[in-house]
Amino acid sequence: MIYQGKQKIWSDYQKEIPDDHWYYVRSCIRQNFFPASEKMFLEICRDVLGKDVHENEHHTTCGGIAYHCDTIPQETAMTIVARQFALMTEAGYENYAASCITSFGNYTEILETWHEFPELETKIRELLWKSCRKEFKKPKYLAHTSDLIYKFRNEIAEKAKFRLVNKETGEPLRVVEHIGCHYSKMFPSKGVGGAEYPYVLAGMIESWGGNVIDYPERRHCCGYGFRQYHVKANRSYSLSNTYKKFESMEPYKPDMIITNCPGCPYFLDRWQYVIAETEGKTYGQNGFGIPVLTYEEVAGLVLGYDPWDLGLQLHQVGAEPLLDKIGIEYNPEDKYKGLDKKDLMRPELPTNLKCF
Amino acid sequence: MKEIVVIIGGGIAGLEAASQLLKLGYSPIIVEKSDRLGGHVARWNRLFPDMTPAQDLVSELIASSKDANIFLNTEISFINRLKDSYNIMLSNGISIISKYILYTTGFRLFEAQKKEEYGYGIYNQVITNADLEHWFNTNKDDRISGKDIKSIGFVHCVGSRDEKARNSQCSKVCCITAIKQAIELKEKYPEAEIYCFYMDLRLFGKKFEDFYTKAQRDHGIHFIRGRVSEVSENINGQVIVKAEDTLAGKPLKVTLDLLVLMSGMVCNPDSTKSASMLSLPIDSDGFLKSSDNVFHITSSPRKGIYYAGACTGPKTVPETLAEARSAVLEIHSTITGEAR
């Protein structure tokens, strides 16, 4: 691999990301899958970096899942998105940050469609007025929230208590970066680093001390793929995609996987359990899996947050081997305690996938 | 006084034109940007379909045009139109007045790294057709020399017939070049499996079809109709190619020791730069636009300006040489007609 070749592409695909004042919209599903990630994003931006990030409880889904599952037409998704933009306009913001990759792709696609077909934008403005009596301005800047963490990656590195380095060997951790398909595959110029060799997560890993692995199935879908999973008959296809990725990355012995999509960490994490239980195959060391983390969780870890406050106990694959490698201290007794040390009870452990 | 004809470009079209102009008693001046003559062909090893050494052709052309005035390392600074002639200012400070300018500015190879999914410049074992010819000529390329090569792929139409790359034109020679190079590699690596990924094979020229048959029948080269979707690298440094076999109706994945990208022909930006000085029209494919594409392909809409070779679109070597002769004949007819 020629690193300079990738650097050339990365320099071609940089996007303007404003420094401050963002209107933030959450994902439909991330709070259920990895509940601390979005909280951690807000905490890092507001408390660690001192940024103004505004959130409005009245925002809804962007309609992306229904749109990509072909259950609503694009005009419906556009009207939902128009309402989100109206909320941003009412709040006095013009920079829009989406927590979800599919939302980001959805917003990008809609803005590009309106650019190409202004008459459609006019129609959607009419539909929004009729349905909600709202008007909107289009965002001046649109970003995925991983774009923001990418932008602030060096500031986070300066404040970090840990680096992505094996404390025993001093070697950088080997990190697989997995980008959600809707981040830049549809519009390469809208993602940091483009579509083929995205840099948004690789840049974080490099800044925080790790080494990025480029493996053959790097670009492949995590297996979620909406209709692959939501249509029940297709679930084995979802699983086979994930299996293909793990078989491909296995020779590189990854220490962890970092993701920026709501679905990817969930499927890469949970399907490891299914593969282990059905095939007896595990991909981490000594019978463990490969920990799969969101970029906010990784940022939180290097900044020194308690792993259990980051919600790592809700991952199927145990994060402890990773924490031990980095040298992050944790109390095993607190793993399954919630707020105010409330006992959350211990889950049943898998047969083949080793967990604590 | 001998009539001066300025030839912009010292590739095979420019050299052949100079040679023919000399025979007719004119005074050609070749202006060449680089430090050598022969253009792309001078970097090629052998030419289809007879496997003629490219250097033989270039040497012969240089020898037959040696009496022309030749400026190497020289660019066109500007051209302006006078009453019935043109003033051509060169980057070396020399100014030439001539009634006749022949554009033989040729083409530029498509920059393969623009097709990011193919990994040129990212993965070591991905090379271009030009890189391979360089290796045929010099035997110097760490990506090939001394390597245990057991599987090789060729990707046709890299940057050609590709709306995404903004080049809708067919580059004409890539199909037969890929077949030629595949046979040459098979002769060097008899045990290697070789795959050609094509959209459709455009084998229009003399003996081209024979070449294709020979590649399959005598050399066992596999032809797969389908475009490559992505290229990646495995832990051993081999490239993994994903493609679609549209005849079998299946996706396929193959691990290769070497992948050759058939970079197509795109317009030479030097052509359009100097053409803009004379407001010469550019065609929709970016190449210089002839008066028409049937009867006057070597003529421009401007009096005294002529074209030959790949400056008006992808051409084979024989077509290029024929156009050079045709353009010279047209210039000669014009000069003699004016003299009468």
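## Two domains in chain B

The centres of domain 1 of chain B and domain 2 of chain B, taken over C-alpha atoms, are 32 Å apart. The model is predicted. Domain 1 of chain B covers residues 4–106 + 268–339, and domain 2 covers residues 112–264.

Where the two domains touch, domain 1 of chain B supplies 10 residues and domain 2 of chain B supplies 19 residues. The domain 1 side of this contact is made up of four nonpolar, three polar and three charged residues.

## A pair of helices in chain B

Two packed helices are described by the angle between their axes and the distance between the axes. In chain B, helix α4 (residues 174–188) packs against helix α5 (residues 208–217) with axes 10 Å apart and an angle of about 40°. Because of this angle, α4(B) is oblique to α5(B). The crossing of α4(B) and α5(B) is left-handed.

Which residues of α4(B) and α5(B) meet? From α4(B) come Ile176(B), Ile179(B), Lys180(B), Ala182(B) and Ile183(B), and from α5(B) come Phe208(B), Phe211(B), Tyr212(B) and Ala215(B). Counted by class, this contact of α4(B) with α5(B) holds eight nonpolar residues, one charged residue and no polar ones.

## Where chain B meets chain A

Chain B also touches chain A: 12 residues of chain B are in contact with 14 residues of chain A. Strand β15 (residues 228–233) of chain B gives the largest share of the chain B side, with three residues. That side of chain B has four nonpolar, four polar and four charged residues.

How values were computed. Residues are numbered from 1 along each chain as its sequence is written. Chains are lettered from A and ligands numbered from 1 in the order in which they are written. This is a predicted model: local features need pLDDT of at least 70, side-chain atom pairs count only at pLDDT 80 or more; totals for chains, interfaces and linings use all residues. Two residues are in contact if their C-beta atoms, placed from the backbone, lie within 7 Å. Helices (H or I, at least four residues) and strands (E, at least two) are DSSP runs, numbered from the N terminus. Ala, Val, Leu, Ile, Met, Phe, Trp, Tyr, Cys and Pro count as nonpolar, Asp, Glu, Lys and Arg as charged, and the others, Gly among them, as polar. Domain bounds come from an automatic or database domain assignment. Axes are lines fitted to C-alpha atoms, for helices over the stretch in contact, and angles run from 0 to 180 degrees between N-to-C directions. Angles under 35 degrees count as roughly parallel, over 145 as roughly antiparallel, 65 to 115 as roughly perpendicular and the rest as oblique. A crossing is left-handed if the near helix is turned anticlockwise from the far one by less than a right angle, and right-handed if clockwise.
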